[in-house]
Amino acid sequence: MEFVTLHKMVIHGLTTRTTNAAEVVAESQKIAPLWQRFMGLYGEQIINKQPAYGVYYGYESNMDGAYSVMAGVMADVENGGLVGDGLESITLAPGNYLHFHAQGEMPQSVVGLWQEIWQYFAAPSCPYTRQYLTDFECYPSGDSVDIYIMSRDGCQCVSF
């Protein structure tokens, strides 16, 4: 885990709303179908051309409440951004984020990394508190994921 400072980014993509409890039951999962739909519609436009992003936002409370998820790419139409009906945009605030990384087969690597992140923040010795504003995954390649978490402590995060 490390701190990184990021500039403002706009992500453009498809969204859904879910809970972690819904995601552990195959019949109620929404994240995997969201990614399948997104890649089915736009995969050829982005594979090996630009990173894909998974953005988590609109948290009802914490990891146990409802939240929204976006599967998308940076909204830069001039450089291969997506254009289409039903796409939404979200702005990721500039500031300092906690950065976590995993490499390996997907989706197992990203699921394992989220479990590590939950354990990290749940540990009594953890010096940071999740802000639950906007967190995101960046997939720079098919076997690599970077997860960025806003924290209340130790970094100057910008609320929006």
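1. Burial first: of the protein's 160 residues, 47% count as buried (under 20% relative accessible area; exposed is over 50%, partly exposed in between, with a 1.4 Å probe and protein chains only). Keep in mind that this is a predicted model, where local features need pLDDT of at least 70 and side-chain atom pairs count only at pLDDT 80 or more, while totals for chains, interfaces and linings use all residues. Residue numbers start from 1 along each chain as its sequence is written, and side-chain values use heavy atoms, with hydrogens and water left out.

2. On the overall layout, there are 3 helices and 8 strands, taken as DSSP runs numbered from the N terminus (helices H or I, at least four residues; strands E, at least two). Reading from the N terminus, the order is β-β-α-α-β-β-β-β-α-β-β. Among contacts with a separation of 6 or more, 68% come from residues 24 or more positions apart (contact means heavy atoms within 4.5 Å).

3. Now to α3, residues 108-122: its 15 residues reach 21 Å from first C-alpha to last, close to the 21 Å expected at 1.5 Å a residue (that is, 1.5 Å times one less than the number of residues). Its buried residues are Ser109, Val110, Leu113, Trp114, Ile117 and Phe121. They sit on the same side of α3 because they cover an arc of only 135° around the axis, judged by the directions from the helix axis to the C-beta atoms.

4. What lies on either side of that helix? The cover over the buried residues of α3 includes β3 (52-57), β6 (95-103), β7 (134-141) and β8 (144-149). On the face turned away from the buried side you'll find exposed Glu116, Gln119 and Ala122.

5. The largest pocket has a volume of about 980 Å³. For the record, a pocket here is an open set of points on a 1 Å grid over the protein atoms alone, with protein on both sides within 12 Å along at least five of seven lines, and lining residues have an atom within 4 Å of a point. There are 34 lining residues, with Ile31, Pro107, Val110, Glu137 and Tyr139 nearest the centre. Elements giving two or more residues to the lining are α1 (20-23), α2 (31-46), β3, α3 and β7; α2 gives the most, with 6 residues.

6. Last, the cysteines. Cysteine 126 is buried at a relative accessible area of 16%, and cysteine 138 is buried at 10%. A search of the whole structure turns up 0 disulfides (a pair of cysteine sulfur atoms within 2.5 Å).

Conventions
On a 1 Å grid over the protein atoms alone, a cavity is a set of points where a 1.4 Å probe fits but cannot get out, and a pocket is an open set with protein on both sides within 12 Å along at least five of seven lines; lining residues have an atom within 4 Å of a point. Grid points are joined across faces, edges and corners, and a volume is the space filled by probe spheres set on the points.
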